[in-house]
Amino acid sequence: MSGRLVLAAALGAAVLAPLVAPTYQALLMLPFMAYAVALLGLNLLFGYTGLVSFGHALFLGIGAYTGAFLTSVFKVRSMEVILVAAAALGALVAAPVGALCVRYVKIYFGMLTLAFGMVFYTFVLKFYRLTGGDEGMPFLRPALLGRSLEGLSKIDYLVGPYYYYSLAVLVLATLVMWRIVRSPFGLCLKTIRDNPTKAETLGIGVARYRWYAFVISAVYAAVGGALLGPPTGNVDPTLAYWTQSGNIVFMTLLGGFASFFGPVLGAFVFIYLQDWVMSIVPFWRLIFGAILAVIVIFAPGGLAGLLTPRPAAAPRP
Amino acid sequence: MLTVDALDVFIQASHILRSVSLDVGPREVVCLVGRNGAGKTTTLRTIMGYLRPHAGRVEFRGQPIHGRRTHEIAQLGVGWAPEDSGIFADLTVAENIEIATWTRSGGRPAAERIALAYRVFPMLRRYAARKGPELSGGERKMLSIARALALDPEMLLLDEPFEGLSPAIIPAVSAGIAAITELGHSILIAESNIHHVPESTRRLYVIERGTIVFAGAAQDAWRDPSLTRIIGSAA
């Protein structure tokens, strides 16, 4: 029950943040919420299915570029259309990529996803005329729920309607993912992580379930990627670079992949910690590297693992 | 129900099974007895589709299943309780049983299948909320069999259900298996200890170095002095 209280408090704080927190801090919530959506999906693959993707920036990139193309090339400004299109394109690309990748596990899976991620990165970087190359593409201010909101200043738009829109998407994505992991389908994914050969004896087609998890995680990443666009107003290839894939894996480890909300917590801490460390020292990556090492060695369960004490192990019979 | 015909199986370069044939009829309980390393587990793993036979056939309800994928064979109605139990550590006992009702739906309703699993192994109900690592070896074994049963299979493969168990828990496992043999499944049990063979076993196959050396009624096996060396030594 205390978990629900914490959750309600966190949601309440998120609702109040734009009203009480400094604008700058509220703005930082936007990338957090976008990453949180992507991480919910990534963790279905990582935490629940046991596959570590080092190429999920590919799908962040697809989501973000979908929004950029729709708003600046096709003059489609509806955020709902952008999100649906991002999800659909994410699934469309993930279907063949996933079909190839899920045939491999462990490091081979990771390397293959990394390779596909880099193919996409190189594509958006080099096809200058299509994607704007390293300059990127503008992601024009999207209309929310059919309201254009062009009259607002950028800050008012972002910490106002767009903030609550992102929050609503995050809440919805969380509810859907909660249902997914609690369903028999979610249980099947866990059995695959635990012991794929034994999962087969229950009639579970392991490769097919891994593929489902891959495609769902890609849809989440694409939706998260689309949400990342409006705050900066520009989408460039660094979003699809492999360090982005690394960052979201880091966020997942930081928060704890064994917990449903761990990765969300990880995204939150990552975003704010990165901002704070960057404001103090120029070599923030050094600090983050050290933090990652400490987590892997001393707290493999991540921050969520530290917060929820493990039940004492039963005595071995 | 299940027919294994002249199976030859290699694991890498080793010739493990040499022309192994056996069959299990409808509602029949058959035991495959042999010493460790004789090829019992390899036979079951081949039936289950983990190993591809070099030659020979496996038929289940009249259709060939060698060459099918493991999950397809399970879907057809072959339940497997492996030697190492293979229960899912991150799932509770209840979830371990329930999942089988979902992965192979159809047939009897899930609630009935779950109730049956607990009726056969009542001890498991007490541990319903526990997870794999909190169970003893015997409890894992029971869970593994209960899970295979919850799949509502026509055929059950039990690989060494008594192996490595403490004597204290053997009666509970034994009672459960005896109860299962009353349910009307076809059952193939691999066993290294002849004393564990359930009483309802009509027919016995004895396997030695990858070859079936005896096939027949259980009581006849005892009369053959060359066999008592094999099956009698495993006590």
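Two strands pair if DSSP finds at least two bridges between them, and strands (E, at least two residues) and helices (H or I, at least four) are DSSP runs numbered from the N terminus. This is a predicted model, in which local features need pLDDT of at least 70, side-chain atom pairs count only at pLDDT 80 or more, and totals for chains, interfaces and linings use all residues. Residues are numbered from 1 along each chain as its sequence is written, while chains are lettered from A and ligands numbered from 1 in the order in which they are written.

Let's start with the sheet in chain B. Its 6 strands form an open sheet in the order 6-7-8-3-9-10, with mixed pairing. Strands 6 and 10 of chain B stand at the edges with a single partner strand each, so one side of each lacks a neighbour in the sheet. From one strand to the next, the twist averages 15 degrees.

| Element | Residues |
|---|---|
| Strand 6 of chain B | 78-81 |
| Strand 7 of chain B | 155-159 |
| Helix 6 of chain B | 137-150 |

Strands 6 and 7 of chain B pair in the parallel sense over 4 bridges, and Trp80(B) stands opposite Leu157(B) in strand 7 of chain B. Helix 6 of chain B packs on the sheet, touching both of these strands, and its direction makes about 170 degrees with that of strand 6 of chain B. Contact here means C-beta atoms, placed from the backbone, within 7 Å; axes are lines fitted to C-alpha atoms, for helices over the stretch in contact, with angles from 0 to 180 degrees between N-to-C directions.

Finally, the two chains meet: the contact takes 16 residues from chain A and 21 residues from chain B.

Notes:
The expected span of a helix is 1.5 Å times one less than its number of residues.
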